[in-house]
Amino acid sequence: MTDHAAHPLDDPAADPFALAAEAAAQIAAITGVEKHDIALTLGSGWAKAADLIGETTHTIAATDVAGFSKPALSGHVGTLRSVLLPSGKRALVIGARTHYYEGHGVRRVVHSVRTAAAAGASIMILTNGAGGIKEHWTPGTPVLISDHLNLTADSPLEGATFIDLTDLYSQRLRAIAREIDPGLDEGVYVQNRGPHYETPAEVQMAKAMGGHIVGMSTALEAIAARQSGMEVLGLSLITNLGAGISPEPLSHGEVIQAGKDAEPVISALLARIVAAL
Ligand code: HPA
């Protein structure tokens with residue numbers, strides 16, 4: 001169901017960066033933390049990392065912060081957390097993702113990323129649960145995102161804003177992740193609009209275009225993170241093989257279950273990566 005409540009970003013005249021600055025100021029006021037160094041968006045399967053990376057000092061309902069929306073999916077947590085890392089750095093953990101398929105527009109999709117940048121974060125870690133195109137990626141495999149194909153035909157950039165996306169998914173951060181887990185494979189993430197899963201033909205199209213991972217998030221957020229000057233680390237949890245790669249039909253329940261099963265292992269991995277940044 002579409003939420004018809006007025007949202008500040010629905011007004012075309014609204015300044016999304018001013019709203020992000022307002023949200024960041026609210027987060028600073030509530031937490032007493034002037035600057036967050038790292039931000040993490042935790043998608044399906046990754047939520048437990050929030051408990052492992054450090055000490056949560058504040059948990060904020062996302063709806064208490066300007067411009068954030070209630071998560072559309074039950075099972076997705078609608079909170080922002082300020083976490084004190086053992087290094088003394090601060091992480092902002094975003095458990096409230098607005099997906100493009102919700103139909104609220106790309107400004108709302110990337111508001112959390114812009115807020116993280118306005119809160120001071122220089123590193124944006126984007127995680128998701130996704131379908132795998134490489135047959136040896138069994139459900140539960142974490143994969144580094146090396147690049148993306150944005151098939152939403154949309155962009156968070158407005159007007160004549162030309163931004164280089166070379167090395168969008170930072171080589172430096174990928175190398176750090178690989179020092180923690182040398183077995184981490186990587187691949188090109190394909191963002192589709194969803195919310196339907198792909199047809200087998202679409203999965204083959206993604207493969208022919210050089211894609212390895214299919215999902216419904218992340219690419220638009222990564223573009224916004226680059227625009228805000230952040231370094232991006234992208235990680236996908238393979239929850240299933242892409243449609244038609246295996247003979248099994250896809251089910252949302254199985255995708256969620258695969259995320260739950262893998263959660264302890266991949267969350268621990270992510271915590272070790274964060275500790276090394
Ligand atoms: N396709 C798109 N999004 C997904 C998938 C998939 O196979 N699995 C989990 N999210």
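Reply: Let's start with a word we'll need: a residue is buried at under 20% relative accessible area, exposed at over 50%, and partly exposed in between (1.4 Å probe, protein chains only). What you're looking at is a predicted model, where local features need pLDDT of at least 70, side-chain atom pairs count only at pLDDT 80 or more, and totals for chains, interfaces and linings use all residues. Residues are numbered from 1 along each chain as its sequence is written, and side-chain values use heavy atoms, with hydrogens and water left out.

My pick is helix α4, residues 111-118. Helices (H or I, at least four residues) and strands (E, at least two) are DSSP runs, numbered from the N terminus. Six of the eight residues in α4 are buried, so the helix is largely enclosed by the rest of the structure. The buried ones are His111, Ser112, Val113, Arg114, Thr115 and Ala116. So what covers them? The cover includes the helices α1 (16-31), α3 (106-109) and α7 (219-227), along with the strands β1 (38-41), β4 and β5 (123-132). After α4 comes glycine 120, with a positive phi near 110°.

From the α1 side, have a look at proline 16, which sits in that helix. Proline 16 is itself buried, at 8% relative accessible area. Leaving aside residues up to four places away in sequence, proline 16 touches Leu9, Arg107, Arg114 and Glu158 (a contact means heavy atoms within 4.5 Å). Arg114 is one of the buried residues of α4.

Next, β4, another piece of the cover. Strands count as paired if DSSP finds at least two bridges between them. β4 (residues 90-94) runs antiparallel to β3, with five bridges joining the two, and leucine 92 in β4 stands opposite serine 82. Five residues lie between the strands of this hairpin, and glycine 88 there has a positive phi near 95°. On from there, β3 (residues 79-84) is joined by six bridges to β2 (residues 55-61), again antiparallel. Threonine 56 has valine 83 as its bridge partner in β3.

Now step back to the whole chain, which has eight helices and nine strands. Its radius of gyration, taken over C-alpha atoms, is 17 Å, close to the 19 Å from the globule rule (2.2 Å times the number of residues to the power 0.38) for 277 residues, so the chain is as compact as a globular protein of that length. Of those 277 residues, 52% are buried. Among contacts between residues at least 6 apart in sequence, 81% join residues at least 24 apart.

Most residues other than glycine have a negative phi, and most peptide bonds are trans. In the loop between β6 (141-150) and α5 (171-180) sits alanine 153, with a positive phi near 60°; at 80% relative accessibility, alanine 153 is exposed. Aspartate 167 is in the loop between β6 and α5, has a positive phi near 55°, and is partly exposed at 38%. Finally, the peptide bond from glycine 194 to proline 195 is cis, with omega near 0°, and proline 195 lies in the loop between β7 (185-191) and α6 (200-208).
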